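Student: I would like to go through this model with you, one question at a time. Please show the sequence and the structure first.

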Amino acid sequence: MTSAVTTKTPITVAKGDGIGPEIMAATLHVMQEAGASLDIETIEIGESVYDKGHSGGILPESWDSLLRTKVFLKAPITTPQGGGFKSLNVTVRKTLGLYANIRPCVAYAPFVKTKHPGMDVVIVRENEEDTYAGIEHRQTDDVYQCLKLITRPGTEKIVRYAFEYARANNRKKVTCFSKDNIMKMTDGLFHKVFDEVGQEYPDLEKEFWIVDIGAAKLADTPEVFDVVVMPNLYGDILSDVTAQIAGSVGLAGSSNIGAKAAMFEAIHGSAPRRAGQNLANPSGLLLAGVMLLVYVGQIEAAERMHNAWLKTLEDGIHTYDIFKEGFSKQKVGTKEFAQAIAARVGQVPQHLKVVRYSPTPINPEKLGFRPNPPQKKETIGVDVFLHHRGQSPDELGAALQKVQGELKLDMLSNRGVKVWPKGIPETYCVDNWRCRFLAEPFKSPLRHQQIIDLLKRVTDAGFEFIKIENLCTFDGEINFSLGQGQ
Ligand code: NAD
């Protein structure tokens, strides 16, 4: 064992469920042999904790450790099925403010089979917002809703992280994916902020793809991508796709970075069917361990660990999932794979690129966002959502015009499609109607009392409103979407 660091870095470790304990033992063994200097606190998470009645999958006292060390190496857990349980991952990410999820997806051809030799893509996924804000409601018999939240500070933080990551890691290009041709406000903001922040990085190439064609291109020619930044949901899906086409989801590690804390994990789950058989590939967690060492500044140990792992792959010592008959040299279990890596500490790969980490990793505290100056906001209308059945759009429109008062009923839409005035009979309508009332004359400011009075008239007329959304201008500019077909 080589030891270059004298002060031990306190970290919190959780062994998780399924294959978790085996891959964690393998990872910690290699980290130690590579000379990592860590003071490890172990906490219990996952199935056993859920079984004790803690719906979050983590004991209250475990938070003390996490808040003390602020560095978490976490093995996968088995997520219980059914309602009443909260996702541990989402809880930890949100509580510790881990806004950036970094997932490097690298091909190791010809040593690990892949259709894309040469690919080396880093997915930078926003980690706290989007539909993962978890705000869902059933509104009517027919309709369930999940709110997609994209914020300017959240987007600025993740986009700036992507550019800083690219710079610190000698990357050349940052690509942004979003769906702003459809979601012009939320995904439009993501694109806009990418363009704005990108101007601060003239040394880096920038490009934008609409996520559908971007995803197709990423799956087809991943070698043309470098760093790719995207909102939460697209990033969750596409990072698995990208890791899998690089060779295997079992090979990818990830970091979850916040301003003051970080969590490191494999991207795969607890693979319960492989548990307890000394079969699992520990590489994902092992590379997460490398990322942890870089994060805490133990660069040399990180390089020793990463290069020994690459050399082991090159030497054809493979776990079952990447073993190729006639090509791999030895099929090994989890433990033996870790031993083989430990035995190669100090060696570097002969064919694959030797890994060198930047001695000045990104300081997340230098990242962030510029406060947005408040703009002049005026309410100029309201969308009233009704739970309603039994009337055609024309009948409903006529009934609501009778209660519009000093406002003007502008349109009805159903599932976002304008159905009144001048809808077409072919549009299928569910029991949830958006009824748009605007101030008269258009764009004149409304008092909130006028909206309350409108709601009273609507309710008195026998309608059930589910919710309202105020329609606002910011510095005179309209900031709401029109109905499709409007
Ligand atoms: P999974 O990633 O656990 O496993 C899918 C398959 O991939 C396995 O059957 C196995 O064949 C293979 N595999 C995965 N990791 C491997 C490894 N390290 N070595 C060798 N083969 C490997 O996905 P799943 O079966 O959908 O999920 C199992 C459980 O894990 C579920 O309860 C799920 O909710 C949970 N999960 C947890 C996390 C996490 O804690 N971060 C992430 C994803 C899934």
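Student: In which sense do strand S16 and S17 pair?

Tutor: This is a predicted model in which local features need pLDDT of at least 70, side-chain atom pairs count only at pLDDT 80 or more, and totals for chains, interfaces and linings use all residues. Residues are numbered from 1 along each chain as its sequence is written, and side-chain values use heavy atoms, with hydrogens and water left out. Strands (E, at least two residues) and helices (H or I, at least four) are DSSP runs numbered from the N terminus, and two strands pair if DSSP finds at least two bridges between them. Strand S16 (residues 408-414) and S17 are joined over three bridges, and the sense is antiparallel.

Student: What angle does the direction of helix H12 make with that of S16?

Tutor: Helix H12 (residues 393-401) packs on the sheet and touches strand S15 (377-387), S16, S17 and strand S18 (432-438); contact means heavy atoms within 4.5 Å. Axes are lines fitted to C-alpha atoms, for helices over the stretch in contact, and angles run from 0 to 180 degrees between N-to-C directions. For H12 and S16 the angle is about 150 degrees.

Student: Which strands stand at the edges of the sheet of 10 strands?

Tutor: That open sheet has mixed pairing and the order S2-S1-S3-S12-S11-S4-S5-S10-S8-S9. Each edge strand has a single partner strand, so one side of each is left without a neighbour in the sheet; the two are strand S2 (38-43) and strand S9 (205-210).

Student: Do strand S1 and strand S3 run parallel or antiparallel?

Tutor: Three bridges join strand S1 (residues 9-14) to strand S3 (residues 71-74). Thr 12 stands opposite Phe 72 in S3. The two strands run parallel.

Student: How far is a nitrogen atom of the ligand from an N or O atom in the side chain of Tyr 320?

Tutor: Tyr 320 is among the residues that come nearest to the ligand, where near means a heavy atom within 4 Å. A polar contact is a pair of N or O atoms within 3.5 Å. For the side chain of Tyr 320 the distance is 2.9 Å.

Student: How many residues of the shell around the ligand are charged?

Tutor: Asp, Glu, Lys and Arg count as charged; Ala, Val, Leu, Ile, Met, Phe, Trp, Tyr, Cys and Pro as nonpolar; and the others, Gly among them, as polar. The shell has seven nonpolar and seven polar residues, and the charged ones number five.

Technical notes
Polar contact = N/O pair within 3.5 Å; in protein donor to acceptor, adjacent residues only side chain to side chain.
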